[in-house]
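User: Can you walk me through this fold? I'd like the overall layout, then the side-chain contacts.

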Amino acid sequence: MTKKLKKPIAFLTVFAMLLSVLMYFPEGTFGGFGLGVRASAADDSNSVYNDFGDEVSADISQCVDRNTYTPEEPPKDGSWYLISKPEHLYWFAQQVNGGTQYMCARLEKDIIVNTNVLKADGTLNTAEADTFAEWKPMGTAEKPFTGLFYGYGHHISGLYFNDDSVEYGGLFGVIGEDTYGRIYDVGIVDSYFNGGAYVGAIAGQNNFEIVACFSTAVVESASGTIGGLCADNNYTLTRSYYLDRGFVNAVDSAKALGADSFKNGELAY
């Protein structure tokens with residue numbers, strides 16, 4: 001039986017080798033016979049066809065790479081985390097959303113997460129939206145952020161949050177519990193937030209303090225409540241303002257106050 005199988009096996013092995021070689025010959029070789037796949041020279045879509053004219057791969061020209069950041073623990077000054085780049089910010093958010101509610105952070109410089117999130121007319125840059133690093137708001141209704149987040153006059157630019165399944169959206173989802181949770185002197189620019197029930201640039205919901213903050217971000221919700229800074233404010237929100245870039249697709253809109261109003265201590269939310 002073994003001797004009878006040797007010749008068929010040897011034949012199949014040789015045939016397989018010849019077949020693999022033929023796949024690499026261009027179309028037209030050996031009188032028009034070719035088994036390989038080829039890219040259409042006249043097709044700019046980068047689609048790939050076999051010799052029978054059948055497309056064998058999808059158009060890869062539309063593939064894009066989304067910007068991402070690997071969270072990196074920032075240096076500390078006592079109990080304060082010193083945030084100086086996006087990787088630090090994403091690490092801080094990771095800890096808060098992992099259940100560490102009380103943490104202290106301060107911005108050491110302006111943080112740029114994405115660029116050109118908004119177009120010159122203040123609307124979302126949809127042409128590049130698939131490439132933006134995505135943001136996940138810090139703090140939830142079950143585990144709100146109860147620490148301190150100080151901007152010291154710096155701003156965060158290029159936050160992109162677009163998920164209507166998340167109830168509370170913004171830089172923070174939910175701030176404050178009892179007498180803890182303070183956001184101070186932080187700006188949000190060139191950013192976009194679109195979420196579920198409550199969406200604001202600084203926070204979806206505030207239960208303690210937002211002080212001396214500003215935003216020029218676009219805030220949207222198809223079915224929820226929005227606010228330039230905070231959608232659902234239940235405690236202190238003062239000395240803060242936002243510049244209206246156009247609020248659309250929301251049940252509740254908000255009133256905009258300019259920088260002069262901020263200087264006079266007026267409030268918008």
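Analyst: We'll go from the overall layout to single residues.

User: What kind of model is this, and how are residues numbered?

Analyst: This is a predicted model: local features need pLDDT of at least 70, side-chain atom pairs count only at pLDDT 80 or more, and totals for chains, interfaces and linings use all residues. Residues are numbered from 1 along each chain as its sequence is written, and side-chain values use heavy atoms, with hydrogens and water left out.

User: How many helices and strands are there?

Analyst: The protein chain has four helices and 24 strands. Both are DSSP runs numbered from the N terminus: helices are H or I with at least four residues, strands are E with at least two.

User: And how much of the chain is buried?

Analyst: Of its 269 residues, 43% count as buried. Buried means under 20% relative accessible area, exposed over 50%, and partly exposed in between (1.4 Å probe, protein chains only).

User: Let's do sheets. Which strands make up the open sheet of five?

Analyst: The order is β7-β9-β14-β19-β24, with parallel pairing. The edge strands are β7 and β24 (241-242), and each pairs on one side only. Two strands pair if DSSP finds at least two bridges between them.

User: How many bridges hold β19 and β24?

Analyst: Strand β19 (residues 214-215) pairs with β24 over two bridges, in the parallel sense. Serine 215 has tyrosine 242 in β24 as its bridge partner.

User: New topic. How many disulfides turn up?

Analyst: Zero, in a search of the whole structure. A disulfide would be a pair of cysteine sulfur atoms within 2.5 Å.

User: Where do cysteine 213 and cysteine 230 sit, buried or exposed?

Analyst: Cysteine 213 is buried, at 0% relative accessible area. Cysteine 230 is buried too, at 1%.

User: What about aromatics? How many pairs are there?

Analyst: The count is 16 aromatic pairs. Rings of Phe, Tyr and Trp (its six-membered ring) pair if their centres lie within 6.5 Å; planes under 30 degrees apart are stacked, over 60 edge-to-face, and the rest tilted. One of the pairs is phenylalanine 92 with phenylalanine 145, edge-to-face, 6.1 Å centre to centre with 65° between the planes.

User: Where are those two in the chain?

Analyst: Phenylalanine 92 is in helix α3 (residues 86-97). Phenylalanine 145 is in the loop between β7 (111-112) and β8 (148-150), 53 residues apart from phenylalanine 92. Both are buried. They also belong to one aromatic cluster with Tyr81, Trp91, Phe149 and Phe172.

User: Now charges. How many salt bridges are there?

Analyst: Five. The rule is a side-chain nitrogen of Lys or Arg within 4 Å of a carboxyl oxygen of Asp or Glu.

User: What does arginine 66 pair with?

Analyst: Glutamate 134, at 3.9 Å, N to O. That pair links distant parts of the chain, 68 residues apart. Arginine 66 is partly exposed at 30%, and glutamate 134 is partly exposed at 46%.

User: Which strands hold glutamate 209 and arginine 182?

Analyst: They form a salt bridge, with the closest N and O atoms 2.5 Å apart. Glutamate 209 lies in β18 (residues 209-211) and arginine 182 in β13 (residues 182-184), so the pair ties together parts 27 residues apart in sequence. Glutamate 209 counts as buried at 18%, while arginine 182 is partly exposed at 21%.

User: Which residues share salt-bridge partners in one network?

Analyst: Asp77, Arg106 and Glu108. Within it, arginine 106 and glutamate 108 have their closest N and O atoms 3.0 Å apart. Arginine 106 is buried at 18%; glutamate 108 is partly exposed at 37%.

User: What does tyrosine 150 touch?

Analyst: Beyond neighbours within four places in sequence, its contacts include Trp80, Arg106, Arg182 and Tyr184. A polar contact of 2.9 Å joins the side chains of tyrosine 150 and arginine 182. A polar contact is a pair of N or O atoms within 3.5 Å; within protein, one must be able to donate a hydrogen and the other to accept it, and residues adjacent in sequence count only if both atoms are side-chain atoms. Tyrosine 150 sits in strand β8 and is buried at 15%.

Technical notes. Contact means heavy atoms within 4.5 Å.
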